[in-house]
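Here is a short briefing to read alongside the picture. Keep the sequence and the 3D view side by side, and look up each residue as it comes along.

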Amino acid sequence: MSTKDSAHAQQWRDYRARRLQFLVVWFGGFVGLAVLAFGVSPLLPTSMAGTIFVAGGLAWLLGWVAAAIRCLRFPCPRCARPFLLRRPFSRECEHCGLARYE
């Protein structure tokens, strides 16, 4: 059965959006910190550049943690309990056994 035919297609689209958001924040943080370190820092005084780099790193960390929690707490379309909370790489719900994308 394809995802488009699934009774829970909308919920699985939400899951994919959450996963994409997590990956964008995770990889985007590396790019953002590289831009801060190599693009912006040379233009600023040393004390200010370090502070901005640390603030950018903390913002990235907080965004990454928020996106990870949002992804892990995705509610199972069948039983509405967290699908991935205890086993983030599982292919099925630990509570009701619903397979991913079913």
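## Briefing

Arg78 is partly exposed, with a relative accessible area of 45%; here buried means under 20% relative accessible area, exposed over 50%, and partly exposed in between (1.4 Å probe, protein chains only). This is a predicted model, in which local features need pLDDT of at least 70 and side-chain atom pairs count only at pLDDT 80 or more, while totals for chains, interfaces and linings use all residues. Residues are numbered from 1 along each chain as its sequence is written, and side-chain values use heavy atoms, with hydrogens and water left out.

**Salt bridges**

- How many salt bridges does the structure hold? There are three, a salt bridge being a side-chain nitrogen of Lys or Arg within 4 Å of a carboxyl oxygen of Asp or Glu.
- Arg78 pairs with Glu102, and their side chains meet at 3.4 Å, N to O. Both Arg78 and Glu102 lie in the segment after H2, so the pair ties together parts that are 24 residues apart in sequence.
- Another salt bridge joins the side chains of Glu94 and Arg86, at 3.2 Å from N to O. Glu94 is partly exposed at 28% relative accessibility, whereas Arg86 is exposed at 64%.
- Arg18 and Asp14 form a salt bridge too, and their closest N and O atoms are 3.1 Å apart. These residues are separated by about one helical turn, because they are four residues apart in helix H1.
- Is Arg18 buried or exposed? Arg18 counts as buried at 13% relative accessibility, while Asp14 is partly exposed at 26%.

**Helices and the UniProt record**

- For "transmembrane region", an unreviewed UniProt entry lists residues 20-40 and 52-72. UniProt positions are given in the numbering used here, feature names are shortened, and annotations may be inferred rather than shown by experiment.
- Over residues 20-40 the model is 100% helix and 0% strand, with the end C-alpha atoms 28 Å apart. Helices (H or I, at least four residues) and strands (E, at least two) are DSSP runs, numbered from the N terminus.
- Residues 52-72 are likewise 100% helix and 0% strand, and here the end C-alpha atoms are 30 Å apart.
- Ile52 is found in helix H2 and is partly exposed, with a relative accessible area of 31%.
- Which residues does Ile52 touch, leaving aside its neighbours within four places in sequence? Ile52 is in contact (heavy atoms within 4.5 Å) with Leu36 and Leu44. Ile52 and Leu36 are 16 residues apart in sequence, and their C-alpha atoms are 7.9 Å apart in space.

**A nonpolar patch on the surface**

- Ten names to find: Leu23, Trp26, Phe27, Phe30, Val54, Leu58, Leu61, Trp64, Val65 and Ile69 form a nonpolar patch on the surface, and together they have about 890 Å² of accessible area.
- Patches are made of residues with over 30% relative accessible area and no salt bridge; like charges are joined within 9 Å, and nonpolar side chains (Val, Leu, Ile, Met, Phe, Trp, Tyr) within 5 Å. Accessible areas come from the Shrake-Rupley method with a 1.4 Å probe, and for residues only the protein chains shown count as cover.
- Helix H1 (9-40) and H2 each supply at least two residues of the patch, and H2 gives the most, with six.
- Leu23, a member of the patch, sits in helix H1 and counts as partly exposed at 33% relative accessibility.

**The largest nonpolar core**

- Nine residues make up the largest nonpolar core: Trp12, Tyr15, Cys71, Phe74, Cys76, Phe83, Leu84, Cys93 and Leu98. A nonpolar core is a set of buried Ala, Val, Leu, Ile, Met, Phe, Trp, Tyr and Cys residues joined through side-chain atoms within 4.5 Å.
- Leaving aside its neighbours within four places in sequence, Cys93 is in contact with Cys76, Cys79, Phe83, Arg87 and Leu98.

- Ala80 is not a glycine, yet it has a positive phi of about 65°. Ala80 lies in the segment after helix H2 (46-72) and is exposed, at 58% relative accessible area.
- Tyr101, also not a glycine, has a positive phi of about 65°. Tyr101 is in the segment after H2 and counts as partly exposed at 22% relative accessibility.
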